[in-house]
Amino acid sequence: MSAVVSPIREPLITGRKSYHDITEDICAPSERAPSLTWVFAFIVAVTLLGFGVFSILWTIWFGIGSWNLNRTIGWGWDITNFVWWVGIGHAGTLISAILLLFRQKWRTGVNRAAEAMTIFAVICAALFPGIHVGRMWVIFFFFPVPNTRGPLWVNFNSPLLWDLFAISTYFTVSLLFWYTGLVPDFATLRDRASGLRKKFYNFLSFGWTGSAKHWSRFESLSLILAGLATPLVLSVHTIVSFDFATSVIPGWHTTIFPPYFVAGAIFSGFAMVQTLMLITRKVLKLEDYITLQHIESMNKVILLTGTMVGVAYLTELFIAWYSGYVYEQFAFLNRAFGVYWWAYFAMMTCNVLSPQIFWFKKMRRSIFVTFVMSIFVNIGMWFERFVIIATTLARDYLPSSWSYYTPTWVEIGIYLGTFGIFFTFYLLFTRIAPVVAIAEVKSILKSSGDQYIEEHEKHYQKAIDNKVKQH
Amino acid sequence: MKQFEISSKQKSVLFGFMGVGLLCLIITFFIDDAYRPRFWSNFLINSVFFTGISFIALFILCAKFIAYSGWQTVFKRLWEAYTQFLIVGLILMAIIIVGLFGGFHHLYHWNDAASLASDTLLQGKSGFLNAGVYTVLTLGIVGVWYFFARKIRALSISEDGQTTFSRITHQKLKKWSAGFLPIGGFTSAALVWLWIMSVDAHWYSTLYAWYVTASWLVSMLALTVLLLHYFKTLGYFEYVTVDHFHDLGKYIFGFSIFWTYLWFSQFMLIWYGNVGEETIYFKTRQDLYPALFYGILIINFVLPFFILLRNDTKRKTGTMVAASVIVFIGHWLDFFLMIKPGVLHTYHEVAGGGHGHASMNADQSMTAKLISDAGAHGAEHASTFQMGFTIPGFLEFGTFLGFLGLFLYFVFIQLGKANLVPKGDPYLGESMNHHV
């Protein structure tokens, strides 16, 4: 990292923090008793989780027939939710790996929570293919292991199987990446704790001592994992898009799907990070570490990816017309003006039109607007998947089999249940681990702390002049 | 801080390049068949390639301004100079347009009245694929790009005069850049469809525009590495260090993989879907252009991947220059393969008087034509090989050299018009002290 910092850059740590202040501020939430808000939120989350488990058991007991899937719509809320959660699980690793490669310092404030969120979102996503098979007890058929089933072997030609590999690999690497970053921070917590708590964090921190050797290995491992994670982030949603695009169904079979799904995933992932961070920073009093500057940067990413998704929507529409292929043309006409027109307009409004307000700096820096927008984007991205899946399947080649689909309470229950899983994990995470990466934030203090920004101003011109004199 | 001035030696070399290019174009024109498909397709490939490089330079500059990126500041004048080539690109594309109206070439199947009359698919597309839309969008969009390129360069240069850096000017620069990004993003897709995708008028792919843009981007980065190395040997760009090259190397490495990702996504989905209307594009290329089809994957992916994978190769002149030369030529060949098969096919359709079913009998009509050609040229036996189409010949490389000379000459002139070191840029200090 360059030691010379342009004074034009805004501080990323405010409140004139010292290294000690950072440790105190970030460790504090896990060292005090949970607040009433936390307890209340936790009860709500666990209740939702319980309802989800009940709905899943209902599904297993009565079978997939308890869902409203019908003759052409074999994929409904389940796959919509699956793709939605996988998409949300993109922001964490994007922030840790890709923003690390691009040396974006603002990632340090949000990477820890975003990575945690990634892992929880992927767990929620993985649930759906599992229960969608109907007979959960033969789920091990998914795995290409030696068996006595004869010809009942996994189909390597199927993108659904590639999905299994992609997501499990992604999950493993994300988990390792997240945990690697946590090790020094757990050690910090350990050093401040006593009794059982000390033992607990001692176990979690793998005996970290903070020696130079440890840091050196830590850095190498982080870099290797970042290198592995970067192609993985792209691969996961690319392969999810293959689930659709390898088919020859009009509206699904289109080559732009891979990059456009990835852009959409980053879009929704950042929206979810915003939703969580806005609450977290307020409740845990971390406003000095997750500043308006962080929020503005994330809003810019949302604007960028939202517009990319917009370009892709319009490209699809245009090429559908351009192709001269009547089924393709009908598929897109049907999306916009067919029976599910309301879903299409919800998608367009939430994903493409509404993020455009982030062209205004005032909006990007407004906490209220950001929060509302983050919810909007998540609604929009859910509808995007619903539009792709349900709208397309509701109208196939045979008009006699055209149908309509609405979910049953069981399907809605499972979806609510995933929120339960997600928030239960997230709430536990905020109690156990530091939600901001302590060591990483410390590493940018001298370049991005507010008291140092003023110092940079004085030395900056000198740094230029010195360099000029050398030549 | 040396002021750049084009030397007489550079001038004579670049004029030499341009002379070779012009000579090659003239020779191609006279040895070419009726309708001159080889001549015009060579012209189109190079015009599109270099116009695209200057467009993508503008796009990346804008992206960097709004992303608070500082490291590129010491050489950003080079990218600014690239963007000014857009005006030349506009003129080059105008020549194609004149040919479109004058009927001098048959680059585009949709522009042939006889084909259009008998082809329902082309009729369906004629609302977009016609000479009028082509002209208006080409001139309008490249014009708008050039307007932004001028504006952004002017703002950037106006920072130089200020003793301390001006936040206001920089703020303006960011606003104009932010404005260009969506405009550039949307309009470049339209031009890619018109200029390149419509060469294969029946075929379509939604990913195509992004794929072409990625190809431009890698070419632009490779050319930047080559020119910076050259300028450093002359004593210019003294603040560009090995760390900047390291980062450019990462870009070439990363975006080469990105290009391959898009290539694979497009190919795999079409291959897997196995819809005849779509697979014809790759089928033609695999069967009749195998050297290029497989070759560009090796040149644009395998070689840069393995050469630039290691840390140290991105910091060494030899490996960086080698990788840059490889991918620069590789992406030019990519454009060659995008454009040539479609032009040849159209030529056979138009010249051979084919009626409809164009995509179905490509092989037969091509073979028939080649047999007659081979007979005329006194060859022993016919093959599907056709110089200047199946692979680029000396004439193609000569033409490429000519356009490269034109591009470089223009860039050199532009470089001489401003300070090489942007004195007023707020990120200059960061960029000078850049360490990877």
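Thr279(B) is buried, with 19% relative accessible area; buried here means under 20%, exposed over 50%, and partly exposed in between, using a 1.4 Å probe and protein chains only. This is a predicted model, in which local features need pLDDT of at least 70, side-chain atom pairs count only at pLDDT 80 or more, and totals for chains, interfaces and linings use all residues. Residues are numbered from 1 along each chain as its sequence is written, chains are lettered from A and ligands numbered from 1 in the order in which they are written, and side-chain values use heavy atoms, with hydrogens and water left out.

Stay with Thr279(B) for a moment. Helix α11 of chain B holds this residue. Helices are DSSP runs of H or I, at least four residues long, numbered from the N terminus. Beyond neighbours within four places in sequence, Thr279(B) is in contact with Ile270(B) and Asn274(B). Contact means heavy atoms within 4.5 Å. Leu173(B) is 106 residues apart from Thr279(B) along the chain, and 45 Å separates their C-alpha atoms.

Asn274(B) is exposed, at 57% relative accessible area. Its phi is near 55 degrees, a positive value in a residue other than glycine.

Phe237(B) sits in the loop between α9 and α10 of chain B. Is this residue buried or exposed? Phe237(B) counts as buried, because its relative accessibility is 3%.

Next comes helix α3 of chain B. The helix covers residues 76-83. It is mostly covered, with 8 of its 8 residues buried. Lys76(B), Arg77(B), Leu78(B), Trp79(B), Glu80(B), Ala81(B), Tyr82(B) and Thr83(B) make up that buried set. What do they pack against? Their partners are α2 (37-66), α4 (86-102), α7 (131-158), α9 (208-233), α10 and α15 (394-416) of chain B.

Lys76(B) counts as buried, at 0% relative accessibility.

An α-helix has 3.6 residues a turn, so residues three or four places apart point the same way. Leaving aside neighbours within four places in sequence, Glu80(B) is in contact with Leu61(B), Arg153(B) and Ser156(B).

Now turn to the interface between the chains. In chain B, 55 residues are in contact with 53 residues of chain A. How much area is buried between chain B and chain A? The value is about 4800 Å², and carbon and sulfur atoms give 66% of this area. Buried area is the accessible area (1.4 Å probe) that two parts lose on being put together, summed over both. On the chain B side, Thr206(B), Trp210(B) and Leu269(B) lose the most area to chain A, together 16% of what that side buries.

Polar links also cross this interface. There are 18 residue pairs in polar contact between chain B and chain A, both residues at pLDDT 80 or more. The rule finds 2 salt bridges across the interface. A salt bridge is a side-chain nitrogen of Lys or Arg within 4 Å of a carboxyl oxygen of Asp or Glu. Arg103(A) and Asp247(B) meet in a salt bridge through their side chains, at 2.3 Å from N to O.

Which elements give two or more residues to the side of chain B that touches chain A? They are α6 (120-125), α8 (167-195), α10 (242-273) and α16 (428-432) of chain B. The largest share, 13 residues, comes from α10(B). By class, the residues of this side divide into 33 nonpolar, 15 polar and 7 charged. Ala, Val, Leu, Ile, Met, Phe, Trp, Tyr, Cys and Pro count as nonpolar, Asp, Glu, Lys and Arg as charged, and the others, Gly among them, as polar.

Key. A polar contact is a pair of N or O atoms within 3.5 Å; within protein, one must be able to donate a hydrogen and the other to accept it, and residues adjacent in sequence count only if both atoms are side-chain atoms.
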